[in-house]
Amino acid sequence: MTNFSDEKSCKPDVAFAPNTVEVNAKGLFNLKGKKFDYNYDLKNKNWTCGPFQSPSINSFYGKDAKQMSYALVAKQTDVADIMEQDLNVSLKTGARDFVTRQCQLIGLSYLFEIKDSPNVKIFGCQINPQIDSAIMWKSEVTTGSLQIAYLPLYQPFVSQLLRNIEGGYY
């Protein structure tokens, strides 16, 4: 007979501090700690004890891993949690090409476009089309401005993105 209190939980507590978080193309987040690993299924929005089987599309370490873990455990997935940031870039190519390149660099391979107005283009990039959250990009043609909006879960992706832009990878 198994005692439930002795079994390992599939969900970490808020104090869990992973060393690494790996993200795969299916939308599984593998949070690796010193003693335990935990898996979060972004598509189904739940913690799972199942194996992490497909190859990683991106990995996060240290502060980024802890930030991602906290966002998952605290369920920061509501519209009220959305974060926004203006990007200061002079686009050498069109906005769509720029967004496509940046999304590919951070492992988000599915790009889509939403029609807004003739002077505003909105793009989104996701891990895959079955995931219902994305990093959203708003490009205003007349001003040349570019803004992004995202859930706290994506902050480590955005931090990588900003490092890429500062490093001239566009």
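The second largest pocket is lined by Glu84, Asp86, Ile122, Met136, Trp137, Lys138, Gln147, Ile148 and Ala149. Strands β6 (83–87), β9 (135–140) and β10 (145–150) each give two or more residues to this lining; strands here are DSSP E runs of at least two residues, and helices are H or I runs of at least four. The model is predicted, with residues numbered from 1 along each chain, and local features need pLDDT of at least 70. Side-chain atom pairs count only at pLDDT 80 or more, while totals for chains, interfaces and linings use all residues, and side-chain values rest on heavy atoms, without hydrogens and water.

A pocket is an open set of points on a 1 Å grid where a 1.4 Å probe fits, with protein on both sides within 12 Å along at least five of seven lines, and lining residues have an atom within 4 Å of a point. The second largest pocket holds about 160 Å³ of space, and the largest has a volume of about 240 Å³. Of the 14 residues lining the largest pocket, Thr77, Asp132, Ser133, Ala134 and Leu151 are the closest to its centre.

Turning to the cysteines, the structure has two disulfides, defined as pairs of cysteine sulfur atoms within 2.5 Å. Cys103 and Cys125 are joined with their sulfur atoms 2.2 Å apart. Cys103 belongs to helix α2 (residues 95–105) and Cys125 to strand β8 (residues 120–126), so this pair ties together parts 22 residues apart in sequence. Cys103 is buried (under 20% relative accessible area) at 1%, and Cys125 is buried at 0%. The other disulfide links Cys10 to Cys49.

Methods
Points joined across faces, edges and corners; volume = space filled by probe spheres on them. Buried < 20%, exposed > 50% of the residue type's maximum accessible area, 1.4 Å probe, protein only.
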